[in-house]
Amino acid sequence: MPIKDISLSDAPGTLRYSYRVRLTEVQKELFKDHTDTRRALYNIFLAMNKELRANSDPSKILEILKITDEVAPQDYPESVKKLLFKQEEYDRTRAAFLSKGEDLSKHTLTIQHLNYYDTCGLLTIYKQQEDLAWLAGAPICVLQASLRDLDTAYRRFWDKKLASRFPRFKSRYDTRVSSLYLTRKNSKPISALLEGDKLKIPKLGTIEIVKHRELLGDFSMTTLIREADGRYHVSIPMKNTRTSVKRSIISEDEVVGLDAGIKTLLTLSDDSEVASLKHTAKYEVLIKKRQRKLSKCEKGSAGYTRARILVAKTQAKLARYRKHCLHVISSQLAKKYKAIVIEDLDIKRMMANKHLARLISNASWGMLYSFLAYKLQAAGGRLFQAGRYFASSKTCNSCGDKNHALKLKDRTWICQSCNTTHDRDKNAARNLRDLGKSFVRSVNSKIGALKIVPRQYLV
Ligand SMILES: [Zn+2]
């Protein structure tokens, strides 16, 4: 497919609303307790899973599962009964095979991992045990979210298609921590929990939020996050109600092409430009400087921790600055244009060298495009993406001839066939615009998205 409408297929069904919050000192302490408990619980079960898998002695199962004598066997959670039964069964088959003199290597007991429900059952028992009673200090939703995280991490690991890495222990030195809280009553979401500028969170009480925009609709969960720089904010997932905006028919004249670059962030086919973000270089230099300082510190020392937090803070600042700029730019574009054609980012990646600026730009473009996709859609506009093999830079926009000798560093070039002098970015933006125009023309005349790209445009 040479071009597709990504404002249709890729618009998010959920939008996350993010608000800064102000916590009291008591709430900060409580939140720290919650995240500490959440991390400890995750690590307890991860260690347990590892031990269970390595264990071949059935008499040790209860010990590994941290079940004390206080718990009567009839009160064991299902997961424990299941495991014990599994072990008994395994021992029986093993004995049977042994007596027949068969090869035992094929018959091993495999426990993949304790799943979410297994761990939930165990958690209930632990809360009543003296040595683990501290678990009850955190709200149940925080603990359940932690168990779910571990289950998901394992499932992703076992899934061959995903090939994720093995779950890792969570470190107490993580600079960014979060906890998920359910904000609902009797399984019904209640937006009334957000009264004025206050948000009620289980076991934390009422927290003050900096409400820069209204929340549209009900929500049933909130993630409270402490960033590396010590700021707190909540992230609230909401159903995207904006998708219901009626889409208008786009005319050919409303289509613009958009070329993303390094020196100039965006070049549009109507010759307007968006300059690169002003302050990113300044932050990047600062990050490098602070990282160098960090590398000289002795690992684990107080100075090391301080230096690491400083690096994390600067990185968070840069990320916030970049995100803010991209939000402003994408809002302006979505307001000004009806249909924007962008290129496939993969082609940029293929051409990319390992240069840091390029890697970062790639990330920025991806973020910008995702903002554009939903903002254009909300405004009734469209975002089109050219196919991977669309040669937007190499094709002459005047005659359609292709300049195969064009290098990444060539900012301007002269077409061998028609002698036109091209600005690299402007030419690319115009080619993208023309591709979009032909697409819109075909859609509007109900031909459908068949072969609409003139042959000369393909690489
Ligand atoms: Zn030409």
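This is a predicted model: local features need pLDDT of at least 70, side-chain atom pairs count only at pLDDT 80 or more; totals for chains, interfaces and linings use all residues.
## Nonpolar cores

The largest nonpolar core has 34 residues. Leu-258, Ile-340, Val-341, Leu-372 and Leu-383 have the most contacts inside it. Seven elements each supply at least two residues of this core: the strands β11 (255-260), β12 (264-268), β14 (339-342) and β15 (382-386), and the helices α8 (302-336), α10 (356-378) and α11 (424-444). Helix α10 gives the most, with seven residues.

Another core, of 31 residues, lies apart from the largest one. Among its members are Leu-122, Leu-123, Tyr-126 and Leu-204. In soluble globular proteins, nonpolar side chains tend to be buried together.

## Helices α7 and α8

The axes of α7 (residues 280-296) and α8 come within 9 Å and cross at roughly 165 degrees. The angle is over 145 degrees, so α7 is roughly antiparallel to α8. The crossing is left-handed.

On the α7 side, the contact is made by Thr-280, Tyr-283, Leu-286, Ile-287, Arg-290, Gln-291, Lys-293 and Leu-294. On the α8 side, it includes Ala-307, Leu-310, Val-311, Thr-314, Leu-318 and Tyr-321. By class, the contact has nine nonpolar, four polar and five charged residues.

## Tyr-116

Tyr-116 lies in helix α5 (residues 116-128). It has 17 other C-beta atoms within 10 Å, so Tyr-116 is partly exposed. Beyond residues up to four places away in sequence, Tyr-116 touches Leu-147, Arg-148 and Asp-151. Ser-146 is 30 residues from Tyr-116 in sequence, and the two C-alpha atoms are 9.6 Å apart.

## Two positive phi values

Most residues other than glycine have a negative phi. Lys-66 has a positive one, near 60 degrees. Lys-66 sits in the loop between α3 (61-64) and α4 (78-100). It counts as partly exposed because it has 14 C-beta neighbours inside 10 Å.

Asp-271 also has a positive phi, near 70 degrees. Its place is the loop between β12 and β13 (273-275). Asp-271 has 10 C-beta neighbours inside 10 Å, and therefore counts as exposed.

Notes. Residues are numbered from 1 along each chain as its sequence is written. A nonpolar core is a set of buried Ala, Val, Leu, Ile, Met, Phe, Trp, Tyr and Cys residues joined through C-beta atoms within 7 Å. A residue is buried if 20 or more other C-beta atoms lie within 10 Å of its own, exposed if 12 or fewer, and partly exposed in between; C-beta atoms are placed from the backbone. Helices (H or I, at least four residues) and strands (E, at least two) are DSSP runs, numbered from the N terminus. Axes are lines fitted to C-alpha atoms, for helices over the stretch in contact, and angles run from 0 to 180 degrees between N-to-C directions. Angles under 35 degrees count as roughly parallel, over 145 as roughly antiparallel, 65 to 115 as roughly perpendicular and the rest as oblique. A crossing is left-handed if the near helix is turned anticlockwise from the far one by less than a right angle, and right-handed if clockwise. Two residues are in contact if their C-beta atoms, placed from the backbone, lie within 7 Å. Ala, Val, Leu, Ile, Met, Phe, Trp, Tyr, Cys and Pro count as nonpolar, Asp, Glu, Lys and Arg as charged, and the others, Gly among them, as polar.
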